[in-house]
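We will go from stop to stop, picking residues as we go.

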Amino acid sequence: MLKIPDHQVAGHKADGGKLGPLIDDSGRFYKPLQGDERGKNEAAFYTSFSSNAKIPDHITRFFPEFYDTQLIEASDGSGMQPHLVLQDLTFDRTNPSVMDIKIGSRTWAPQATEEYVQKCLKKDRETSSLPLGFRLCGLQIYGDEETKFWKPESRAWVQSLSADEVRLLLKKFVSSNTSDSKPDCAFASTVYGGSTGILSQLLELKAWFEDQTMYHFYACSILFMFEKELALKGKSPRSEINIVDFAHVVEGKGIIDHNFLGGLCSLIKFVSEILTTPEDCANDGSLEDSVQRNHVYSGNSTV
């Protein structure tokens with residue numbers, strides 16, 4: 001039985017009779033193949049990447065497992081449509097906090113049409129992509145059994161944050177007080193820090209991007225995930241990063257992917273500063289003016 005994903009925070013969603021991804025009960029994620037070159041390109045990337053013996057195992061773990069393409073009934077009722085069959089990254093997770101971060105100051109591939117370039121350039125300029133090298137696309141932060149998930153109400157607002165607001169949301173992501181306007185960074189050291197934390201994984205990915213010249217990853221996202229309930233019990237929160245969305249990947253042709261690498265380095269700097277200056281959490285400004293007016297709780301409680 002296919003159903004709409006519970007923990008999708010960005011991208012096209014399959015609610016309201018729209019075309020979007022579906023999941024099953026066995027841990028598989030069915031992503032509709034776009035009907036133009038983007039769909040062909042993403043399928044070609046997965047086929048190439050999954051069979052590329054030059055990709056080390058410690059790097060493939062950051063990418064969803066690719067099973068095949070399959071015709072299934074589309075979520076919009078348009079009949080049987082081709083879908084990528086991928087690993088459901090949130091399968092077997094309980095109430096995961098998830099953040100989707102699009103990497104790179106440039107989000108279009110070299111072969112894009114002038115119309116598409118101008119569309120992307122406008123959005124890159126209006127969001128943090130150009131100044132920071134990345135932008136937040138969506139997130140959910142687990143609060144507790146009563147409030148459930150904190151989610152920004154407006155995707156446009158999330159993508160247009162200033163550098164200071166991005167920093168505050170990265171702190172809020174690892175805070176215990178999701179209903180409060182001032183993040184306390186209570187879980188920063190266990191989620192971002194440590195040998196298996198998000199920062200360590202980002203640095204591992206960075207080391208590969210400093211050498212790899214096989215692919216250039218335009219408009220791809222990095223997902224941050226962890227389980228707050230495990231952290232509250234003193235257990236490993238299962239912190240994990242994954243790279244997703246490969247419709248605009250092109251051949252690297254022996255050249256370093258400076259666009260992705262630059263955005264990744266910028267994101268690493270933001271996360272590193274949260275870990276190295278924990279005292280700043282207590283002195284941070286409030287998110288009240290910008291965030292509190294632009295979010296909704298998925299439970300019964302709203303602000």
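Start by selecting lysine 31, which stands opposite leucine 84 in β4. Strands here are DSSP E runs of at least two residues, and helices are H or I runs of at least four, numbered from the N terminus. This is a predicted model, where local features need pLDDT of at least 70, side-chain atom pairs count only at pLDDT 80 or more, and totals for chains, interfaces and linings use all residues. Residues are numbered from 1 along each chain as its sequence is written, and side-chain values use heavy atoms, leaving out hydrogens and water.

Now show β2 (residues 28–32) with β4 (residues 80–87): they pair in the antiparallel sense over five bridges, where pairing takes at least two DSSP bridges between two strands. Widen the view to the open sheet of four strands, in the order β1-β2-β4-β3. Its edge strands are β1 (22–23) and β3 (66–73).

Next, pick arginine 28. Its charged end sits over the ring of tyrosine 67, 3.9 Å from the centre; the rule asks for NZ of Lys or CZ of Arg within 6 Å of the ring centre and within 35 degrees of the ring normal. Lysine 172 lies over the face of tryptophan 150 as well, at 5.1 Å from the ring centre.

Last, select phenylalanine 217 and phenylalanine 246. Both are buried, meaning under 20% relative accessible area with a 1.4 Å probe, protein chains only. Their ring centres are 6.1 Å apart and their planes at 70 degrees, so the pair is edge-to-face (centres within 6.5 Å, planes over 60 degrees apart). Phenylalanine 217 is in strand β8 (residues 215–217), and phenylalanine 246 is in the loop between β10 (240–244) and β11 (249–251).

Methods: Phe/Tyr/Trp six-rings, centres within 6.5 Å; stacked < 30°, edge-to-face > 60°. Buried < 20%, exposed > 50% of the residue type's maximum accessible area, 1.4 Å probe, protein only.
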